[in-house]
Amino acid sequence: MSAALRAAWRVGAAAARGRAGRALSQAASESGGAEGGGGSGSREAVERLVRAHPVVVFMKGSPEQPLCGFSNAVVQILRLHGVEDYRAHDVLQDPDLRQGIKNYSNWPTIPQVYLNGEFVGGCDILLQMHQNGDLVEELKKLGIRSALLDAEKDQDKK
Amino acid sequence: RSFSSQTDGEARVTRVLREKFPRASAIKVVDISGGCGAMYEIHIESEEFREKRTVQQHQMVNQALSEEIKTMHGLRIFTSTPK
């Protein structure tokens, strides 16, 4: 991880620790109350959100002000690749969506990254994809040219 | 940090992983919430992950720890296959 990313991580993680957390118990809950009926956490509503844009992120806080170190890491990684145009949903603003997205992906944690409507993973997976070059390839498939490719070209020129 | 100072939570999570991943060649569980049991970092290397996408590998760990996860605030997962 770059020094800048590590620093941003520490700030976000410290802020998150300071807040009263909630357990992931509802990740496995069957009666979350967020299913069906067309509420913001329903399968249909979540499906619409994940398909609305090639890059969709469910996070805590916003890209301008992430409220969790892991959500911040996702924002920073996307920024490194020059991806600034994406849909970000703050699950802290919508408890139904917060539960609904976990039910939809059958994944207990936030942030969650969707590329072309498909669940890719959380912050650890995105970080791994960033480090091993997979993220550049996945973005290319979406017609997005990673800024890191241009950065490399500049280095070659030197 | 020596293994003899493992927390109860780390020991429990490790035990569950050993049961659910009998072919695991390496398992390491670290409480990264200062011993509060709120957040864990899990490293697991197993032949059972071979040929599976990372997100699928992580899902296997999520399913294995579905009970333990209920009481956690977060977890970090790092999976790998033996070389």
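Let me start with two helices in chain A. Helix 2 and helix 4 of chain A are roughly perpendicular to each other (angles of 65 to 115 degrees count as that). Their axes, helix 2 at residues 43–51 and helix 4 at 95–105, come within 9 Å and cross at roughly 85 degrees. Axes here are lines fitted to C-alpha atoms, for helices over the stretch in contact, and angles run from 0 to 180 degrees between N-to-C directions. Helices (H or I, at least four residues) and strands (E, at least two) are DSSP runs, numbered from the N terminus.

A word on the source. This is a predicted model, where local features need pLDDT of at least 70, side-chain atom pairs count only at pLDDT 80 or more, and totals for chains, interfaces and linings use all residues. Residues are numbered from 1 along each chain as its sequence is written, chains are lettered from A and ligands numbered from 1 in the order in which they are written, and side-chain values use heavy atoms, with hydrogens and water left out.

Back to the helix pair. Which residues meet? From helix 2 of chain A, they include Val46(A), Leu49(A) and Val50(A); from helix 4 of chain A, Leu97(A), Ile101(A) and Tyr104(A) are among them. Contact means heavy atoms within 4.5 Å.

Now the chain A sheet. Four strands, open, order 2-1-3-4, mixed pairing. Two strands pair if DSSP finds at least two bridges between them. Strand 2 (87–90) and strand 4 (118–121) of chain A are at the edges with a single partner strand each, so one side of each has no neighbour in the sheet. Strands 3 and 4 of chain A pair in the antiparallel sense over three bridges. Within that pairing, Val113(A) has Gly121(A) as its bridge partner. Helix 4 of chain A packs on this sheet and touches strands 1, 2, 3 and 4 of chain A. Its direction makes about 60 degrees with that of strand 3 of chain A.

Next, a loop. Pro108(A) sits between helix 4 and strand 3 (112–115) of chain A.

Finally, chain B. Three strands form an open, mixed sheet, order 1-2-3. Strand 1 of chain B pairs with strand 2 (residues 39–46) in the antiparallel sense over seven bridges. Asp31(B) has Tyr40(B) as its bridge partner in strand 2 of chain B.

Conventions. Angles under 35 degrees count as roughly parallel, over 145 as roughly antiparallel, 65 to 115 as roughly perpendicular and the rest as oblique.
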